[in-house]
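Subject: Structure handover

Hi,

Here is the structure I promised to pass on. Please open it first, and then read on for what turned up.

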Amino acid sequence: MNAPPIAASAVSFGNDPEANAGVVASTQGLCKAFDGALALNNLSVDIRAGLVTGLVGPDGAGKTTFLRILAGLVLRDAGTAQVLGHDPGKDVENLRDQLGYMPQKFGLYEDLTVSENLDLYADLKGLIGQERKTTFERLLQFTDLRRFTTRLAGNLSGGMKQKLGLACTLLGTPQLLLLDEPGVGVDPLSRRDLWQMVHNLVAEGRSVVWSTAYLDEAEACDRVILLNQGEVLFAGPPKDLHARVAGRVHLLKNAEQAPRVTLRMARRDPASMDGVVQGKKVRLIARQGAVLDPWQFGVDQSATLEATAPRFEDGFIDLLGGVTSAESALALSMPARSLDQTAVIETRGLTKKFGDFVAADSISISVRRGEVFGLLGPNGAGKSTTFKMLCGLLAPTAGEAEVAGVDLRRGRSAARQRLGYMAQKFSLYGHLSVGRNLEFFAGVYALSGEQKRKAIAQLVDIFEFAPYLNTAAGELPLGHKQRLALACAVLHGPEILFLDEPTSGVDPLTRREFWTHINGVVERGVTVLVTTHFMDEAEYCDRIALINRGKMVALGSPDELKARTANETNPDPTMEQAFIALVQEEP
Amino acid sequence: MKRSAVVRLYSLCKKETLQIVRDPSTLLITFLFPVVLLCVFGMGINLDSNVVRLGIVAHDTSPPARRLVETFRHNPSFEVIETARESELGDAVRAGRIQGFLVIRSDFSKRLVSPALTTPTLQIVTDGAEPNNANFVAAYAQGVIGAWSRQELARSGQPVPRTLTLETRSWFNPSSVSRNFLLPGSVTIIMTVVGALLTALVIAREWERGTMEALLAAGVTRYELILSKLIPYFVLGMLAFLVCVVMTHSVFDVPLRGSLWVLLLVGSAFLCSALGLGLLLSTVLRSQYNAAQAALNVAFLPALMLSGFVFEITSMPLPIRIVTSIIPARYFVSAMQTLFQAGDVWAVISRSLLGLTLASIGFIGLTLIKTRRHLA
């Protein structure tokens with residue numbers, strides 16, 4: 001896509017966005033409850049004209065409810081709301097022409113073509129004649145979808161679907177756009193395109209609200225409203241949040257130990273309030289007024305501490321009061337395996353064809369015991385196919401694969417007993433209680449008697465399920481669902497863990513807890529294979545295989561991949577920039 | 001209606017039509033299902049027994065008794081197996097070798113000629129485990145006995161005392177071909193499936209795929225929404241109806257005695273009620289799976305069991321008979337069977353039309369009331 005540079009946003013960043021921007025939407029004391037559970041609690045916010053406002057927060061924070069109330073699709077329980085001079089609860093008819101709302105699962109008809117979808121929404125918005133023609137021209141140009149007008153919307157990639165959704169939302173030239181998680185399920189490349197489109201819209205004078213669970217997207221917004229559990233934690237330009245933690249964010253470099261060991265040691269330091277792995281480095285935030293001294297807690301003397309620029313997530317963590325550090329009890333419960341460097345997953349020329357379409361083309365990888373191995377790639381690149389072949393859910397068309405010493409062509413079910421699998425979507429029995437789910441999965445993995453009872457009791461203890469044992473799994477809060485899914489995957493003490501986007505959409509605290517467990521079990525000799533869109537998760541991996549169009553295009557540690565794409569203009573690329581560069585390298 | 005509303009409605013109908021055309025399962029259900037079902041009812045299921053294997057025990061060897069046995073023998077509907085012992089025949093019935101047997105008592109001819117004694121008796125034993133078959137055997141046997149009585153009358157000039165109630169008559173289906181009432185009735189099943197099952201899915205599908213949210217955000221009104229679902233499926237349903245009527249009439253030679261326009265009128269009235277029911281379920285349940293299950297239970301099964309299509313309503317217990325009066329399929333079945341077998345009998349047709357119209361208004365009206373413009 002030959003999109004213009006992102007100058008527009010730079011301009012609005014340059015001027016103080018607060019200074020001359022009017023208010024296009026505002027709420028006072030907004031409340032909404034569903035079945036007694038408070039989704040929005042006393043929300044009072046302003047959305048400024050001519051800016052990109054990020055509505056940021058983990059899943060379940062209330063983002064969608066907030067947008068639906070503004071769009072007049074959900075009625076509020078209390079408080080006031082004004083959108084473009086109208087009350088969305090009463091005057092929704094007059095609002096509709098000026099407002100563009102793009103729901104999370106955008107309402108594309110997958111069995112209609114791109115142009116039929118556009119036609120439908122143009123008719124619904126009453127766009128006719130010459131105006132319709134020029135709008136279509138402009139939008140097809142803008143979204144780069146002209147080549148695909150006769151393709152069924154269902155056959156578009158995730159990124160293209162979102163572009164088409166945005167195009168349909170833009171019909172009828174709305175002044176305010178409410179976009180509900182347009183970045184979900186979209187690979188970094190398409191995400192960048194979407195952001196460019198949004199910045200262009202703002203340059204035309206429109207106002208955009210972009211909701212997201214990816215905290216890194218907040219950085220690209222002019223202003224941010226940070227929601228957590230239905231409440232506003234922060235509202236303002238993202239740099240104001242950075243300011244909170246200025247001077248307290250550090251990178252711990254050059255340690256001899258594995259980064260996950262360094263992290264575990266460094267987090268023993270009471271001066272630290274947060275820590276994550278970032279390639280070979282460890283990112284640490286110091287408590288207000290405290291000085292980090294990781295060496296005192298077992299980190300290599302060779303390691304050096306270096307100040308770095310804060311990110312949005314650092315500020316979020318600080319707002320939440322930091323993360324209490326704890327070692328993974330789960331890891332201690334797992335049998336220790338020797339880290340003998342033997343390959344536990346080995347594939348040679350692994351290939352999967354669906355008809356003529358080669359979904360995975362001759363993938364050869366070797367994963368050592370106790371390694372965190374990441375599979376990354378754009379939507380439809382073949383990473384899920386590869387992942388499913390490795391955990392025995394899909395039979396390969398050609399090639400060999402050995403998992404935990406079992407040849408997948410022969411003993412797929414034998415291999416499955418030795419691995420744990422956690423699906424991206426909630427795949428437990430929603431109507432069964434937490435206890436029943438654990439018992440069921442223990443049964444599936446052929447645990448019985450004392451062994452079963454002990455395994456379950458241990459996990460109930462580790463994940464603190466005791467108060468929820470009789471709660472239906474489907475009714476658990478998101479974070480607990482994810483914990484239960486992980487617990488069910490590790491019940492039988494597997495050698496290999498397959499995690500499919502394990503922390504997608506969860507709040508940063510839960511994500512850290514998850515990675516503490518994952519890092520902990522890896523230190524005990526468990527091998528972890530992760531697929532992810534989340535660049536944060538990629539940073540935790542020892543090595544990453546980047547897959548594009550069915551082929552493996554790069555293999556290496558996060559730092560190696562970043563180094564490969566470093567150049568003069570960008571000497572220190574982020575994981576996301578490296579990803580985009582490597583995928584685009586491909587002819 | 002504003003011009004923009006017409007454009008929107010047209011556009012929504014076009015969208016619905018494209019979805020129908022591109023979904024092979026919808027087209028299969030609409031066009032292949034009627035053909036298959038009509039073939040099953042037209043050829044496979046036959047409530048007429050062709051040849052009845054009948055045992056006869058004649059304890060009386062007088063000429064009238066012999067003539068009765070011979071009359072059975074010469075009737076093409078019977079294959080007669082004659083034995084001397086009743087017990088053998090009892091076993092044969094139990095083993096399914098014969099479908100029933102006739103007992104001629106030893107005093108049969110004596111009673112026949114001396115009216116002073118009580119009337120002569122013939123006993124017909126049938127296999128009650130298959131009630132349909134049993135009824136046919138009894139009815140056919142009575143027919144044959146009737147024929148024999150007439151022969152005896154012609155022979156001697158003396159009337160034969162009534163041995164059994166012989167008078168059976170088949171009105172409106174003179175040839176007693178069950179296909180002639182089964183096929184018009186089975187059209188009800190087809191129309192219920194096309195009308196209620198297909199539409200039960202369509203609004204729920206919009207909710208499940210998240211397209212409803214986008215439609216609401218685009219300002220679609222509930223009238224536009226419901227009409228855009230009714231119109232394309234009405235056309236589809238009427239096409240399926242025509243396929244059924246044409247096949248019933250020309251392929252299976254079922255006579256159509258009523259007029260075509262009345263048939264179409266009744267068909268559209270029933271279709272509207274079925275579409276309304278499907279849309280109501282879809283609107284209320286918002287899940288394709290639940291709506292399909294519900295449609296099966298409240299539309300399809302009653303249409304099959306309680307419409308009078310398979311089981312006679314008059315032979316149902318009173319509470320069930322009352323329940324049938326609120327089932328639209330019942331009115332349609334009686335109207336269809338009347339139109340095909342008897343003609344434009346307005347007493348029946350007007351009652352059916354009234355029932356179907358009320359049901360349509362009720363279901364569609366409720367759907368409109370239940371269609372909400374808000375997500376929560």
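Into which domains is chain A divided? Chain A has domain 1 (7-238) and domain 2 (245-325), with bounds that come from an automatic or database domain assignment.

Some housekeeping before the details. This is a predicted model, in which local features need pLDDT of at least 70 and side-chain atom pairs count only at pLDDT 80 or more, while totals for chains, interfaces and linings use all residues. Residues are numbered from 1 along each chain as its sequence is written, and chains are lettered from A and ligands numbered from 1 in the order in which they are written.

Back to the two domains. Taken over C-alpha atoms, the centres of domain 1 and domain 2 of chain A are separated by 36 Å. Eight residues of domain 1 of chain A are in contact with four residues of domain 2 of chain A (contact: C-beta atoms, placed from the backbone, within 7 Å). On the domain 1 side, the touching residues divide into six nonpolar, no polar and two charged. For those classes, Ala, Val, Leu, Ile, Met, Phe, Trp, Tyr, Cys and Pro count as nonpolar, Asp, Glu, Lys and Arg as charged, and the others, Gly among them, as polar.

Next, strand β7 (residues 207-212) of chain A. Helices (H or I, at least four residues) and strands (E, at least two) are DSSP runs, numbered from the N terminus.

Val208(A) is the bridge partner of Val52(A). Strand β6 (residues 176-179) of chain A also runs parallel to β7(A), joined by four bridges, and Leu177(A) stands opposite Val208(A). From β6(A) the chain crosses through helix α7 (residues 188-203) of chain A to β7(A) in a right-handed β-α-β crossover, that is, clockwise from the first strand over the helix to the second with the strands pointing away from the viewer.

Chain A also holds an open sheet of six strands with mixed pairing, in the order β20-β21-β22-β17-β23-β24. β20 (419-422) and β24 (551-556) of chain A stand at the edges with a single partner strand each, so one side of each has no neighbour in the sheet. Strand β23 (residues 543-548) of chain A pairs with β24(A) in the antiparallel sense over five bridges, and Ile544(A) stands opposite Gly556(A).

Finally, chain B. It has 14 helices and four strands, and buried residues make up 38% of its 376 residues. The contact between the chains takes 23 residues from chain B and 23 residues from chain A. α1(B) gives the most to the side of chain B that touches chain A, with eight residues. That side of chain B divides into ten nonpolar, seven polar and six charged residues.

Enjoy exploring!

Best wishes

Terms used:
Two strands pair if DSSP finds at least two bridges between them. Two residues are in contact if their C-beta atoms, placed from the backbone, lie within 7 Å. A residue is buried if 20 or more other C-beta atoms lie within 10 Å of its own, exposed if 12 or fewer, and partly exposed in between; C-beta atoms are placed from the backbone.
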